[in-house]
Amino acid sequence: MSEALDIFASAGLWGAVLRIATPLIFGTLGALLCERAGVLNLGIEGIMTFGAMIGWLAVFQGGSLWFGLLAAALGGAMFGLLHALMTVPLGLSQHVTGLGITLFASSLSYFVFRLVVPVQGTPPTIEPFQPIDFPILSDLPLLGSTLFNQTAPTYLAILFALLLAYILARTPLGLAIRMTGENPHAAEAQGIDPIKVRIGAVVAGSALMGLGGSFLTLSAFNSFFPTMVQGRGWVAIALVVFASWRPGRALLGAILFALFDAYQLRLQTIIGNAVPYQLFLMIPYVLSIVALVAMARRARVPQALMQPYRRGER
Amino acid sequence: MGEGRLMRLERREHRPIGLVVTAPIIAILVALGLSGILIALAGAPVLEAYQRILISAFGSRLAATETLTRTTPLILTGLAVAVAFRARVWNIGAEGQFYVGALAAAALGSQHGLALPGYALVPALMLVGAVAGIVLLLLPLALRLRFGVDEVVTTLLLNFVVLLFVSMMIEGPMKDPLAFGWPQSVPVIGDALLPKLVERSRLHIGLVFAVIAALIVFIVQSRTVFGMEARAAGLNPSAARFAGVPLGATLVKVACWSGGLAGLAGAIEVMGVKGYVTTDLSPGYGYAGIVVAMLANLHPLGVVAAALFAATMFVGSDGMSRALGVPSFIADVTVALSLLTMLVALFFTTYRIRR
Amino acid sequence: MTSSPVLRLEGITKRFGSFAANDNITVELARGEIVALLGENGAGKTTLMNVLFGHYVPDAGRVLVDGRELPAGRPRAAIDAGVGMVHQHFTLAPNLTVLENVMTGTESLLGWRSRTGPARRKLTALAERFGLTVDLEARVGDLSVGEQQRVEILKALYNDARILILDEPTAVLTQPEAQRLFEILRVMAAEGLSLIFISHKLHEVLAAAARVVVLRAGRVVGERAAKDTSKNELAELMVGRRVSRPVREAGAPGEAMLTAEGITVRVDGVRRLVDCGFTLRAGETLGIMGVSGNGQTTLAHLVSGLVHADEGVLTMFGERRERENPRRLVALGVGRIPEDRNSEGMIGDFALWENAVLERVRQPRFSRFGFVRRDAAKAFCAGVIERFDVRGGTSDTRTRLLSGGNMQKLIFGRNLATTPKILVAAQPTRGLDEGAIAAVHEEILAARRAGTAVLLISEDLDEVLALADRIQAIVNGRLSDPVVTDAIDARRLGLMMAGEWAKAA
């Protein structure tokens, strides 16, 4: 029992937490941005997959790691544009469109990957992001390995969280996005074009999702393999609800989640074969469902979420 | 009224029947066309690739039976999704329901399972599989009815939980001690295996069950009180409520049909094809079922045709891939694209563009 | 009026099809003046204001602000000219704060920071100047309706409106809140703003406005200075000298089919019906009259089985039945005509026969062993189509293709074909043309003749006067005592609808 608690004291745990949280942070922020404008983007799982693939591919073909990130963001934005065009001006079902995008983006990822990298024994690897070494800070006892020994994308994720929080809360653009998600007719009556705002938000949000996927191949692992996203996209969707659609809480929620995940990995080594490892792996998904139920009637949903906006119809 | 815009969307007065029927065909053609671009990018001749897909799917006895074998689970998962979507129950968990149905059938069909005579065992296991699928879908539905939690995400998350559960079972209590290589479950006994439709092929009578299921669903939807009420609940919940349709109870019944069909799909796949459960028993049948359902415009008989299309793509691409070097994922891409093109095609049956 | 008017609507005509909602209307507004636009539902008030604000393009006439003509059909032009509108249904986002709601769209989207400081100062100054105190940081959803309305007014003022239009501003306010609003309006007028408010409530119009313009059937029928007129005169102008000779013949009401006493119904925590009492007798039509938003929908839902009474006693056919569901009521013999035929009455994608039997499909007549008896259902539908002259299709036609009037005939038909004991009709002629209205009225009278107890809930005075034997007014969820229709006149009618029940007695 004390061993179980000791895990919390280990330096490795907290460092792993931020690492595991990074794709979740990106994904949740991306989904949050779309939903704040009123669009549910269920293409997230596929977009993250594609981001993982294209980012890796860009580096594999000789680009820099930062170029890989850019490629992932652009790839995500592309699928975001497709989703937005179908759901906003045309007003097609956001549920089914999103699922279609997930299927399309995932399968396209595997297709392109297989095209460039034929089947072989071990998949090829690239040189991933290395943890950044800060002069004195990295050597601090617990804080050092946690906060000051991460790769660049992780810092980017935290930066985006803070940036998005600021934009949504304190800028006219953020207000326009929020108003579009709450009452697009009111937004229009006050001179904002809800269609353009929604399209923009979905494209930007999908770019973030793509970045989240690319962390998996450019930092966490160094190769791409099918189904590597493992449902993180859906967890992110649940986390958006859990975070009450606020970026700051999304950051904390993702970290909390990652804590459970990192913890269960280490707990496995202690408990050994007594408990099947699959039970531990189930925890994130089960927790997501619990989080959804817990926040169900309490969360302040953007009022116009999932309602297509048609001009002139009141 | 309104600022000057280049184009306006105008709702059609009625849906032209011609368009409604040809919409799936147009959607598929457009999807194939777009895939053609990818095939060309892969450096293969496009028309020849299409030809090879068809030949690989139907060119020989072996090919045709394989395609039909793959059609069977797709019909059932397609029905499962279609039934649910019609009532606006977003069941994306057909994949998970498939696996619990398979697991339940394998568990109770193995030598430690039900001790029933041959002719009773198959129907019993089919029932068991269906029940397992029902139970799995009722949980997310209960969360929706009680707490208002959107079932899209919960059914999706459960898919992952189920897959891990299956892995746990076949590496643990249900492990087959005699199998080498990848873990698999204990096999079902001989009596539980479905007879073949065609000798020396994988095609089993599950196909017949699947088509019968489609007919039954069609009859229920179009002829029964429940079918009418479920349709009403999906089309216009407030009018349904006004007319006295008990919405909650109706949705529960819909979930039973939907989860049951998906679970049945898993049970039949086990009993008909391999005889045991592995973690790759389903190459995404649950998700493909969504595409099948949408291509069929949620019509049970259309599901059979749409399932055949999807199976053709999957089986055909394997052969084409071997011959031309185009990754076989092209099938998944085409099928996914046809979902998107179908949505757009359906849109144009309801709206037209006006200058 | 020495200076030229700040606003002039000149010869405005607006038609919808053959129906003239506004017919050659001319209205003027001076600076610092409060004018009330009075009229009952359908008189053309909202249409006129929509023309002013640019939501509609008039077929004839023009709008002049400070002598300059406004381009038609452009809300932006109206806003820029200083015209602000406070709609009856607010365009607010409940999850955002007051400040956020007001500031939306007022700054360039490229700005790096919302300049909340100057905005707060401007709003605080406006609030103080006009007495529109409201907490800027409060979440709009938490505010009372009166406070939300103040936010709407602030929005218009923040955008530098000099002419303010308020559409039925007191429809959703309590008495004290309405008083506060009038004080605010007086302050605004004194500060040089010009105001038009639309209303049907006589005492408010007299209390708040300097001048009253009365509309009826799309025309201006009178203009009075508030101090020179009275409620009685206005009521008569508004309602008109209706030669509404009852089309109904004398009836002999039978036994009571439904009795309600002390009924209170709460919806989402708000009391929509308060201590209501009424009786429905066989062969008699009881008319419930009132402007929408006073509880009619809840009343209709109560008798239709969609909501249950929280307090009170409801007796139907001799037994207490406070908790019945729609199916049971239909089986017992209650016919229901819903208020919104599209969202409640019909399923657009169903065939006509399916809509005809859906609420009765579980009866042995239409189903057996769970299977629908299609032939019986289609025959029933064909019978309804013929008997009630439903045009536009056969039993198999998709319902969406029918016109509103024919859909309504089908709805009536499916209920009346089974000779119900009680018929509840909510806004049965809303959105219908004259021919369809006549047909519906004939059906209601026929049902009454056949001995059905009819509950008619309607905003249309003509309709209620023509069809009902007795009338009760509904105001803020309460019902007045019943009055025999033959004993009523235009004056009393207007007073009843305005809630002046003591004076109407």
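Predicted model: local features only at pLDDT ≥ 70, side-chain atom pairs only at ≥ 80, totals over all residues.
Colleague: Let's start with chain A. How many helices and strands does its secondary structure come to?

Modeller: Count the elements, then read their order. Chain A has 13 helices and 0 strands, and along the sequence the pattern runs α-α-α-α-α-α-α-α-α-α-α-α-α. The radius of gyration of chain A is 20 Å, close to the 20 Å that the globule rule gives for 314 residues, so chain A is as compact as a globular protein of that length.

Colleague: And what does the C-alpha trace of chain A span along its principal axes?

Modeller: About 60 × 45 × 40 Å.

Colleague: Next, burial. What share of the residues of chain A count as buried?

Modeller: The cut-off here is 20 or more other C-beta atoms within 10 Å of a residue's own. By that count, 54% of the 314 residues of chain A are buried.

Colleague: Now for contacts between chains. How many residues do chain B and chain A bring to their contact?

Modeller: In general, the size of an interface is often given as the accessible area lost when the parts come together. Here we have residue counts: 37 from chain B and 36 from chain A. On the chain B side, the elements giving two or more residues are helix H5 (118-147), helix H6 (151-171), helix H11 (285-295) and helix H13 (330-350) of chain B.

Colleague: Which of those gives the most to the side of chain B that touches chain A?

Modeller: That's H6(B), with 11 residues. Then look at the classes: the side of chain B that touches chain A divides into 31 nonpolar residues, 5 polar and 1 charged.

Colleague: On to chain C. Where do its domains fall?

Modeller: The domain assignment gives domain 1 (7-239) and domain 2 (256-504) of chain C. Their C-alpha centres lie 35 Å apart. The contact between them takes 13 residues from domain 1 of chain C and 10 residues from domain 2 of chain C.

Colleague: Which helices supply the domain 1 side of that contact in chain C?

Modeller: Helix H7 (202-208) and helix H8 (231-239) of chain C each supply at least two residues. H8(C) gives the most, with 5 residues.

Colleague: What's the make-up of that side by class?

Modeller: The side of domain 1 of chain C that touches domain 2 of chain C has 6 nonpolar, 4 polar and 3 charged residues.

Methods. Residues numbered from 1 in each chain as written. Chains lettered and ligands numbered in written order. Helix = DSSP H or I, 4+ residues; strand = E, 2+ residues; numbered from the N terminus. Rg over C-alpha atoms; globule rule 2.2 N^0.38 Å. Buried ≥ 20, exposed ≤ 12 C-beta atoms within 10 Å, placed from the backbone. Domains from an automatic or database assignment. Contact = placed C-beta atoms within 7 Å. Nonpolar A, V, L, I, M, F, W, Y, C, P; charged D, E, K, R; others polar.
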